[in-house]
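Subject: Structure handover

Hello,

Here is the structure I promised to pass on. Please open it alongside this note; what I found follows below.

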Amino acid sequence: MHKYESFEIFDGDKRVGYVHYQPRSHAFGTLESPVMYVEGFWVDPAYRQQGVGRQLMEKLIDHAKNMGFLAIASDTEPENDASAAAHTACGFRDAGLLRHFVFEFKN
Ligand SMILES: CC(C)(COP(=O)(O)OP(=O)(O)OC[C@H]1O[C@@H](n2cnc3c(N)ncnc32)[C@H](O)[C@@H]1OP(=O)(O)O)[C@@H](O)C(=O)NCCC(=O)NCCS
C-alpha cells in the first residue's frame with residue numbers, strides 16, 4: 001500500500017484545501033515514467049473560486065519539478081467541469097477519457 005503526501009492550506013485551524021500526491025510508475029496520457037500523480041484535490045465549498053486550488057496545484061507543480069519529475073498526471077469524473085477548469089487553468093492538458101474496471105472478491 002502506498003502512502004501519499006499532501007499540501008494543505010489552512011484558514012486559522014480550519015483546513016480549507018488539500019492536494020494529495022504520490023509517484024506512480026505510469027499514468028494514462030503520458031509516456032513519462034515515473035510520473036507524479038494527483039491522488040486527491042479538494043477545496044472547502046466556502047473557499048472555492050478564490051485561488052486556493054491554484055495555490056495548491058502550483059505548490060505541487062514546483063515540488064514535482066524540483067524532485068525531477070517530467071510529468072504530473074491526474075483524473076476526475078467526466079462531468080466535473082470545475083475540476084477540469086482548475087486543471088487546465090494550472091497548465092494540465094486534457095488527456096482524454098479512460099474506462100475503468102474492478103474485480104471484487106466476495107467474502
Ligand atoms: C476542483 C477544485 C479543487 C478547484 O478549487 P478552487 O479553489 O475553486 O480553484 P481556484 O479558485 O484556484 O481556481 C483555479 C482555476 O480554475 C478555474 N475554476 C475553478 N472552479 C471553476 C468553476 N466552477 N468553473 C469554471 N472555472 C473554474 C478558476 O477560474 C481558476 O482559473 P484562473 O486561476 O485562471 O482564474 C474545487 O472545485 C473542488 O474542491 N471541487 C470538489 C472536489 C473535486 O472535484 N476535486 C477534483 C477531483 S480531481
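Which residue of β4 does Tyr37 stand opposite? Ala73. Bear in mind that this is a predicted model.

Strands first. β2 and β3 run antiparallel, with 8 bridges between them. The pairing of β3 with β4 (residues 72-73) is parallel and has 2 bridges. To get from β3 to β4, the chain passes through α1, and this β-α-β crossover is right-handed.

Next, the core. The largest nonpolar core has 12 residues, including Val19, Tyr21, Tyr37, Leu60 and Ile72. Two or more residues each come from β2 (14-24), β3 (35-43) and α1 (52-66). β3 gives the largest share, 5 residues. As a general point, nonpolar side chains tend to be buried together in soluble globular proteins.

Tyr21 is worth a click. Leaving out residues up to four places away in sequence, Tyr21 touches Tyr4, Glu5, Met36, Tyr37, Val38, Glu39 and Leu60.

Last, the ligand. The shell around the ligand counts 18 residues. Arg48, Gly53, Arg54, Ala82 and Ala85 are the closest. β3, α1 and α2 (81-89) supply at least two shell residues each. Here the largest share, 5 residues, is from α2. By class, the shell splits into 8 nonpolar, 8 polar and 2 charged residues.

Best wishes

Terms used
Residues are numbered from 1 along each chain as its sequence is written. This is a predicted model: local features need pLDDT of at least 70, side-chain atom pairs count only at pLDDT 80 or more; totals for chains, interfaces and linings use all residues. A nonpolar core is a set of buried Ala, Val, Leu, Ile, Met, Phe, Trp, Tyr and Cys residues joined through C-beta atoms within 7 Å. A residue is buried if 20 or more other C-beta atoms lie within 10 Å of its own, exposed if 12 or fewer, and partly exposed in between; C-beta atoms are placed from the backbone. Helices (H or I, at least four residues) and strands (E, at least two) are DSSP runs, numbered from the N terminus. Two residues are in contact if their C-beta atoms, placed from the backbone, lie within 7 Å. A residue is near a molecule or strand if its C-beta atom, placed from the backbone, lies within 6 Å of it. Ala, Val, Leu, Ile, Met, Phe, Trp, Tyr, Cys and Pro count as nonpolar, Asp, Glu, Lys and Arg as charged, and the others, Gly among them, as polar. Two strands pair if DSSP finds at least two bridges between them. A crossover is right-handed if, with the strands pointing away from the viewer, the path from the first strand over the helix to the second runs clockwise.
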